[in-house]
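Please look over the sequence and the structure shown below. The paragraphs that follow lead through helices, loops, salt bridges and surface patches in turn.

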Amino acid sequence: MKKNDFFELEITDIGADGEGIGHYDGMTFFVKDAVIGDRIRARALKLKKNYGYARVEEILVPSPDRVTPQCPIHRQCGGCQIQALSYEKQLEYKNRKVLNHLVRIGGFDEALIRSLMLPIVGMKDSFRYRNKAQFPVGYGRDGEIATGFYAARSHAIIPVEDCLLGVKDNEEILFRIRNWMRMCKIEPYDETTGQGIVRHILLRYGFTTKEIMVCLVINAGKLPYQDELIEVLSDITGMTSISFNINRDNTNRILGDTTICIWGQPYITDYIHLKQIPTDEQYAGQTFYCEDYQDADNAIAYRISPQSFYQVNPVQTEKLYSTALAFAELTGQESVWDLYCGIGTISLFLSQKAKLVYGVEIVPQAIEDAKMNAHINGITNTQFFVGKAEEVLPDFYAAKGKGKAGKDSEMLRPDVIVVDPPRKGCDEKCLQTMVAMAPPRIVYVSCDSATLARDLKYLCANGYELKKVQAFDQFAHTGHVETVCLLSNTQRPKKESYITLDVEMEDYYRIKNEGKNSTT
Ligand code: SAH
């Protein structure tokens, strides 16, 4: 086999990024846009020793699970890897991905995981779910100003009038901005020459408030024809915030450090409702669950600025957070850590049912937002720390031994630790300290099931038992899956019956290895 050879290939599996996988001539082939069950004529692209990449030349026999993608340019745009797979099969695939990772990487027994897994929570409507979109700006092939997406694995712009994952309002906003650029002769940024002004257009939409934010990322210190831009955008229904962000670096990073609001407020507001999670009876016999959850309680308001991290799928986020909260089994008396807390989204959600919540986050601006969000909701039982979870938590724990904990002592023995790390998962130092703090429950929210499996393996080798696993589809038509897990401590006795000992972590492990119980 050599590059550009044609061959017939049966697609028998789906890869980690949603690509099709088939075997031919002792080699494994990864094929973008091929769906499990397809029989295709493939063309070899890149070849390695035991595996290679191929492209679909022709679909000879389509898979029974293949659907006609709703987006006409889904193949060129790298965004939706599995739009050609029926939504039901997408959910099955994501659930299987979590299961496989837990078994292969986590070393868990497959039957055990199957018995712990609740049905994956899918979306009732799998399009138009994103509240945030970032469109690069450039010239299209016709020489006209184009807003769109980068083609898969490249920086060529494919003009997109309307992305089906985003809200419909985006189309009109982009149209008006392109017109403003044409009228005022404002050039798009050209990354090869470093010339031109407008790089990206960031749009956010508050699903519950219908508030709209527009932020132009520009390669300049100030925005030319600012008043004209305000004039073309400000009469759009829901327009709440218009700003520009300065990014003059030759970088792949979209946003620079400085954002200047030129009209309206520097933020939009959105609400996250606590939902009633389905009962076991409602789940019974289902392999996936796509119904809406009922509202259960008050909503929490969040202010979102252009630079804030905020979950992009607000409908699913309510279900995800409500599940994390239910797994935490709070009664109002508990002390809780929320590690990797971002703008305090989960912390504030938990604070409704806990005595005290401490949040830790690496981005200082996010912590400022978290404090502001606590304030606007009148929440007073949260405290936020800037820093790495793997430093803040161990430092806090070590302070106890030196008698510095004072009123914080109950946070040294929290009832629950919630973690929601980025894709790389938790640092081992962070996991070590969590184990040493020995909360009765750990709730792990994960956006990467491979690192989740690795971290669960560690926790379960150190006194925890996996109790529940549930996958959520936050990103329909892409290969990503979100997971929430509950772990419980098999060694820590009930709160009333232990006396805390001042042990440093090394002692903890020594004592534990000697088979003594360090917490009694
Ligand atoms: N729980 C939040 C944010 C989750 S995203 C929410 O649901 O909205 C993960 C967060 O972890 C990001 O805000 C990121 O800035 C932060 N982060 C990344 N590495 C970190 C580290 N080592 N310590 C603490 N926070 C970190």
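Helices (H or I, at least four residues) and strands (E, at least two) are DSSP runs, numbered from the N terminus. The model is predicted, and local features need pLDDT of at least 70, side-chain atom pairs count only at pLDDT 80 or more, while totals for chains, interfaces and linings use all residues. Residues are numbered from 1 along each chain as its sequence is written, and side-chain values use heavy atoms, with hydrogens and water left out.

Gly-122 lies between strand 6 (117-121) and strand 7 (132-139). Gly-122 counts as buried because its relative accessibility is 0%; buried means under 20% relative accessible area, exposed over 50%, and partly exposed in between (1.4 Å probe, protein chains only). The C-alpha atom of Gly-122 is separated by 8.0 Å from that of Gln-474, although the two residues are 352 apart along the chain.

Helix 1 comes next. Helix 1 covers residues 87-104, and its 18 residues should span 26 Å at 1.5 Å a residue. The expected span is 1.5 Å times one less than the number of residues. The end C-alpha atoms of helix 1 are 25 Å apart, which agrees with this expectation. Among the buried residues of helix 1 are Tyr-87, Leu-91, Lys-94, Val-98 and Leu-102. An α-helix has 3.6 residues a turn, so residues three or four places apart point the same way.

Charged pairs form another theme. Side chains of opposite charge can pair when their charged atoms come close. A salt bridge is a side-chain nitrogen of Lys or Arg within 4 Å of a carboxyl oxygen of Asp or Glu. The whole structure holds 26 salt bridges. One of them joins Asp-33 and Lys-32, with the closest N and O atoms 3.0 Å apart. Asp-33 is buried at 15% relative accessibility, whereas Lys-32 is partly exposed at 30%.

Another salt bridge connects Glu-57 with Arg-43, and here the closest N and O atoms are 3.0 Å apart. Glu-57 belongs to strand 5 (residues 51-61) and Arg-43 to strand 4, so the pair ties together parts that are 14 residues apart in sequence. Glu-57 is partly exposed at 34% relative accessibility, and Arg-43 is partly exposed at 22%.

Arg-128 and Asp-162 also form a salt bridge, their closest N and O atoms being 2.7 Å apart. This pair links distant parts of the chain, 34 residues apart: Arg-128 is in the loop between strand 6 and strand 7, and Asp-162 is in the loop between strand 9 (157-159) and helix 3 (169-183). Arg-128 is partly exposed at 25%, while Asp-162 is buried at 19%. Through shared partners, salt bridges join Arg-128, Asp-162, Lys-168 and Glu-171 into one network.

Patches are made of residues with over 30% relative accessible area and no salt bridge; like charges are joined within 9 Å, and nonpolar side chains (Val, Leu, Ile, Met, Phe, Trp, Tyr) within 5 Å. Leu-45, Tyr-51 and Tyr-53 form a nonpolar patch with about 240 Å² of accessible area together, as given by the Shrake-Rupley method with a 1.4 Å probe, where for residues only the protein chains shown count as cover. Leu-45 lies in strand 4 (residues 39-47) and is partly exposed at 32% relative accessibility.
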